[in-house]
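Subject: Structure handover

Hi,

Have a look at it first, then read on.

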Amino acid sequence: MKDAQENSLQSQQEYFTECIQRHPDWVFAGMYTDDGISGLSIRKRDGFNRMVADALDGKIDLILTKSLSRFARNTVDALTTIRSLKAAGVAVYFQKENINTMDSAGEFLITLMSSFAEEESRSISENVTWGVRHRYAQGIYHLPGLLLGYQRNQDGEIQVDEARARVVRFIYLLALAGKSSTDICRILMDCGIPSPGQGHRWEPHTVRSILKNEKYMGDAVLQKEITADFLTKTRKPNEGEAPQYYVENGHPCIVSKSVWQEVQATWTDASRRNCTFSPIANKIICGECGGRYGRKTWHSTTYRDAVWECNSKKAGRTKCKCRHIYAEELDTAIRRSMHHLLKTHQIIIPDCADLLSQAPGEISSNARSVLNDIARGELDIQIDGLMIGILIRKMVVTPKQTLVIHFLDGTTYRHRLGATPRGTRLYNTQRDHSRMLALYAKGCSAKEISQRLGISVNTVRSFLRRHRGT
Ligand SMILES: [Zn+2]
């Protein structure tokens, strides 16, 4: 290992000597090395420190270095050094990346680094504990911050910190299931999961920022904020003073793009705080007016039913042609659609299975058992609310009396809404009794009575049984 390191140092020296000889107008100012030192912090890298001091003294105007990761192993150090060298008119050339800090690619690099450094410095300032500062000063690389779920390896590359990435995935999962940031905080604290600052307490704004951060799907928007003064950590929103860049798949993702985009499209933090969570709420959409369906209870002299209907009806606007749906009918449709999904589309199930299996805590034990059923090929499953929240994107009621269920993987399932609701009416009045008896007396079967009155066949049968018994 030591040999390999020396060899590589020797070959680097040969490379750079040759490189300098190829430029007759260049004057060799010196070779600065930190032989065999892993060089995690500036403090221990004497060669590096001498080089920077000489450069700032005006003895050097171009620094050739192998790679960014060799130059400095944490973003804050690298950025601070590059900035101060640049301000002094000293260029740094990174051989591996083929980047010169003085040209536009160099600007881009600095921007990319700033983006991560901002998160680093933010998490550092959020964690002003002696322990963190002490470890940081010693250059021990395990930074608590960066971004929850990420860490750097030996070469300074950003990689996924699996243990904490599970927490991030769990948060996305809960958001897909429709939980508000306050709910999510409560669940995380109930599960005893430490916050990004390693404390017990989770704040809704932390959860929101995790759910909104495109870095979790492997992308990065650069220069969302610009740093007015990096050292004093003053930042302001970028209002067009500096260019913004979008880097796709620049680093490993923690959640898939489809999961991230789904959260952006459907998750809202507002107005869910005071109502009981229903996985179905907000997912049924009227195909005519685009409004949401709400759950109501219909009362009349003859029946009492739980139904879902377009909210425009309540608002007193013109009635939509889209039909109401009986709660039981909806259950049937969802159940069938789930079976259809499980039989035909295996694309998103593994995605969700991954999410669920990596979710800590007890909160998803139902969903977990559903996935176990799926794994065993048992399709006659109890559909769990969390699963519905995750797998179904929306359900659209069309004016043609069809319920179109859209899944997260982009596929759909169409369920024809029956002309008469089956088995949803509750008979609870004397009038229903006498109508059933009248039809029975005419020789109608229980099934015919059920169809004609819209009362479930079991209800009719049990009524007739009791009637015959008395
Ligand atoms: Zn409507």
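Arg-323 and Glu-329 are both buried (under 20% relative accessible area; exposed is over 50%, and partly exposed lies in between, with a 1.4 Å probe and protein chains only). The two form a salt bridge, with their closest N and O atoms 2.7 Å apart. By salt bridge I mean a side-chain nitrogen of Lys or Arg within 4 Å of a carboxyl oxygen of Asp or Glu.

Before you go further: this is a predicted model, where local features need pLDDT of at least 70 and side-chain atom pairs count only at pLDDT 80 or more, while totals for chains, interfaces and linings use all residues. Residues are numbered from 1 along each chain as its sequence is written, and side-chain values use heavy atoms, leaving out hydrogens and water.

Back to the salt bridges. The whole structure has five of them. Another one links the side chains of Arg-201 and Glu-203, at 3.1 Å from N to O. Arg-201 counts as exposed because its relative accessible area is 53%, and Glu-203 is partly exposed at 31%. Then there is Asp-54 with Lys-59, whose side chains meet at 3.6 Å, N to O. Which of these two is buried? Asp-54 is, at 17% relative accessible area, whereas Lys-59 is exposed at 54%. Both belong to a salt-bridge network that also takes in Asp-57.

Next, the charged surface. Lys-447, Arg-461, Arg-465, Arg-466 and Arg-468 make up a patch of positive charge. Areas come from Shrake-Rupley with a 1.4 Å probe, and for residues only the protein chains shown count as cover. Lys and Arg are positive, Asp and Glu negative, and His and the chain ends are not counted; each charge is placed at NZ of Lys, CZ of Arg, CG of Asp or CD of Glu.

Which helix gives the patch its largest share? That is H18 (residues 457–469), with four residues. Helices here are DSSP runs of H or I with at least four residues, strands are E runs of at least two, and both are numbered from the N terminus. Lys-447 sits in helix H17 (residues 446–453) and is exposed, because its relative accessibility is 55%.

On to the strands, where pairing requires at least two DSSP bridges between them. S1 (residues 62–65) and S2 (residues 91–94) run parallel, joined by four bridges, and Ile-63 has Val-92 of S2 as its bridge partner. S2 also pairs with S3 (residues 99–100), this time antiparallel and over two bridges; there Tyr-93 is partnered by Asn-100 in S3.

Further along, S15 (residues 402–407) and S16 (residues 412–416) are antiparallel, with five bridges between them. Opposite Leu-403 you will find His-415 of S16. Tyr-413 is 77 residues from Arg-336 in sequence, yet their C-alpha atoms are 8.9 Å apart in space. Arg-336 itself is in helix H12 (residues 327–344) and is partly exposed, at 43% relative accessibility.

Cheers

Technical notes:
Patch = residues over 30% accessible without salt bridge, like charges linked within 9 Å, V, L, I, M, F, W, Y side chains within 5 Å.
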